[in-house]
Amino acid sequence: MEQHANFYSSLGSNYEDAFGENPALLKFIERALPYLPLKANVLDVGCGTGKPVAMTQAAAGHSKAVLSGRFHLVDMKEYEPPSGPPFDVVFNILCLFALSRREIEDMAMRWSRWVRVGGILCICSIPAEDFQPETRGVGYDPDGLCARDIGYRFMATEVKITLMTRKGWEKLLDRNGFEILDTMTSAFTPPKEARSDDEVHYYIIAREVG
């Protein structure tokens with residue numbers, strides 16, 4: 001995992017240039033805003049360069065890791081928020097597929113602790129069924145909810161990713177006390193200079209119901 005962290009940290013502005021302009025992600029963030037209370041306490045996990053989630057939330061008047069907010073450089077699998085009230089909303093955008101299935105399941109348990117009852121969880125990942133796991137990896141787990149070791153070209157580097165299915169996300173979130181409120185799917189084609197595979201992004205807005 002340290003190797004993964006060093007790789008992603010090395011991308012810097014090249015990553016921002018390649019993936020910073022994603023109209024569907026901006027639309028998704030805007031769709032999440034009506035679910036938030038005024039001046040919401042927001043946690044962005046795996047925030048990349050800090051945009052666009054941070055900028056959009058800060059512009060809407062919420063407490064975020066921009067200017068008046070804070071950044072924590074820490075492994076998201078080990079992060080524990082400071083003592084105080086739970087978060088009104090947690091964003092986990094386009095970083096979960098770098099984890100194993102067990103680690104994704106552990107993250108779901110963490111979300112249930114981090115988000116207050118009635119609070120919102122916003123996720124963006126790639127749905128397994130839209131990424132040909134039978135030909136690009138070892139296929140689906142026996143329960144059909146997850147696919148592992150899927151080959152993926154990202155920033156000119158061949159990596160292996162783990163992807164939940166839509167049904168897998170539904171079951172995982174339900175098991176950890178979340179009710180799905182809204183979903184959307186959008187194709188994303190990185191610019192040619194990014195030397196990355198096309199992606200299908202799956203967005204989820206869910207409420208912590210306890």
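This talk describes the fold, the sheet, the nonpolar cores and some side-chain arrangements of one protein model.

A word on the basis first. The model is predicted: local features need pLDDT of at least 70, side-chain atom pairs count only at pLDDT 80 or more, and totals for chains, interfaces and linings use all residues. Residues are numbered from 1 along each chain as its sequence is written, and side-chain values use heavy atoms, with hydrogens and water left out.

Let me begin with the overall architecture. The protein holds six helices and seven strands; these elements are DSSP runs numbered from the N terminus, helices being H or I with at least four residues and strands being E with at least two. Along the sequence they follow the pattern α-α-β-α-β-α-β-α-β-β-α-β-β. Of the 210 residues in the protein, 49% are buried, where buried means under 20% relative accessible area, exposed means over 50%, and partly exposed lies in between, with a 1.4 Å probe and protein chains only. Among contacts with a separation of 6 or more, 69% join residues 24 or more positions apart; a contact here means heavy atoms within 4.5 Å.

I turn to the sheet. Five strands form an open sheet of mixed pairing, in the order E1-E2-E3-E7-E6. Two strands count as paired if DSSP finds at least two bridges between them. Strand E1 (42-45) and E6 stand at the edges with a single partner strand each, so one side of each is left without a neighbour in the sheet.

E7 runs antiparallel to E6, joined to it by ten bridges, and Phe 188 stands opposite Glu 199 in E7. E3 and E7 also pair in the antiparallel sense, over six bridges. Opposite Ile 205 in E7 stands Cys 122, while Leu 121 faces Ala 206 in E7.

Next, the interior. A nonpolar core is a set of buried Ala, Val, Leu, Ile, Met, Phe, Trp, Tyr and Cys residues joined through side-chain atoms within 4.5 Å. The largest such core has 33 residues, and those with the most contacts inside it are Phe 28, Phe 91, Cys 122, Ile 161 and Leu 163. Elements that each supply at least two residues of this core include helix H2 (23-32), strand E3 (115-125) and strand E5 (157-164). The largest share, five residues, comes from H2. Apart from this core lies another, of 26 residues, among them Val 45, Met 164, Tyr 202 and Ile 204.

Two residues of this region deserve a separate remark. Leaving aside neighbours within four places in sequence, Ile 161 is in contact with Phe 97, Phe 131, Ala 147, Arg 148, Asp 149, Ile 150 and Tyr 152. Glu 158 has its place in strand E5 and is exposed, with a relative accessible area of 60%.

I come now to the aromatic rings. The structure holds five aromatic pairs; rings of Phe, Tyr and Trp (its six-membered ring) pair if their centres lie within 6.5 Å, with planes under 30 degrees apart counted as stacked, over 60 as edge-to-face and the rest as tilted. The rings of Tyr 79 and Trp 114 have centres 5.6 Å apart and planes at 75°, so this pair is edge-to-face. Tyr 79 lies in the loop between helix H3 (53-59) and E2, and Trp 114 in helix H4 (residues 101-114), 35 residues apart. Both Tyr 79 and Trp 114 are buried. Elsewhere, ring pairs link Phe 131, Tyr 152 and Phe 154 into a cluster.

Arg 136 lies over the face of Phe 131, at 4.1 Å from the ring centre. The charged end of Arg 166 sits over the ring of Tyr 202, 5.0 Å from its centre. The criterion is that NZ of Lys or CZ of Arg is within 6 Å of the ring centre and within 35 degrees of the ring normal.

Finally, the backbone. Lys 39, in the loop between H2 and E1, has a positive phi near 55°.
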